[in-house]
Amino acid sequence: MSAKSANLYARIEPEVKEEAETILSTLGISASNAINMFYKQIILNRGLPFAVKIPANVNPVNVAELTEEEFHAELEKGYADMTAGRTKTAKKAFSDIRKDYGL
C-alpha cells in the first residue's frame, strides 16, 4: 500500500457534507477513507460505480408548453387523484422531492 500523500480539494454544499459525514461517522469511516474507496471503485469499474441517469419514472410536465386543452386535462387528472384519495400533504411532497433529488 502506497503512502497517502496526494491532496484533493473539492467544493460541495455544506448540508451535503454534513449529512454525508454524519452517516460516514456512524459507519466508522472518515471522509478521506470514503473518498479513497470511491476512487478505487472508479478504477475497478473503469467509470462511476453507479448509474448516472435521469430516473425513468420522472417525467415532469412543463405547464408553459401545454395548450389550453392539455392544461385543463392535467387539472382534471389532479382533481381525479384528489377525489380518489391519491394525494399527499405538501410537507410529504416536498420531503419526497428533497429525498429524490438529493436536496
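The legends below describe close-up views of a predicted model.

In this predicted model, local features need pLDDT of at least 70 and side-chain atom pairs count only at pLDDT 80 or more, while totals for chains, interfaces and linings use all residues. Residues are numbered from 1 along each chain as its sequence is written, and side-chain values use heavy atoms, with hydrogens and water left out.

**View 1. Leu 8 and its contacts with Ile 35 and Tyr 39.** Leu 8 lies in the segment before helix H1 (14-27), where a helix is a DSSP run of H or I with at least four residues, numbered from the N terminus. Leu 8 counts as partly exposed because its relative accessibility is 48% (buried is under 20% relative accessible area, exposed is over 50%, and partly exposed is in between, with a 1.4 Å probe and protein chains only). Leaving aside residues up to four places away in sequence, Leu 8 touches Ile 35 and Tyr 39, a contact being heavy atoms within 4.5 Å. Although Leu 8 and Ile 35 are 27 residues apart along the chain, their C-alpha atoms are separated by 9.4 Å.

**View 2. A nonpolar surface patch of about 670 Å².** Leu 8, Ile 35, Phe 38, Tyr 39, Leu 48, Phe 50 and Val 52 make this patch, for which residues need over 30% relative accessible area and no salt bridge, and nonpolar side chains (Val, Leu, Ile, Met, Phe, Trp, Tyr) are joined within 5 Å, like charges within 9 Å. A salt bridge is a side-chain nitrogen of Lys or Arg within 4 Å of a carboxyl oxygen of Asp or Glu. Phe 38 belongs to helix H2 (residues 31-45) and is partly exposed, because its relative accessible area is 31%.

Terms used:
Helices (H or I, at least four residues) and strands (E, at least two) are DSSP runs, numbered from the N terminus. Accessible areas come from the Shrake-Rupley method with a 1.4 Å probe; for residues, only the protein chains shown count as cover.
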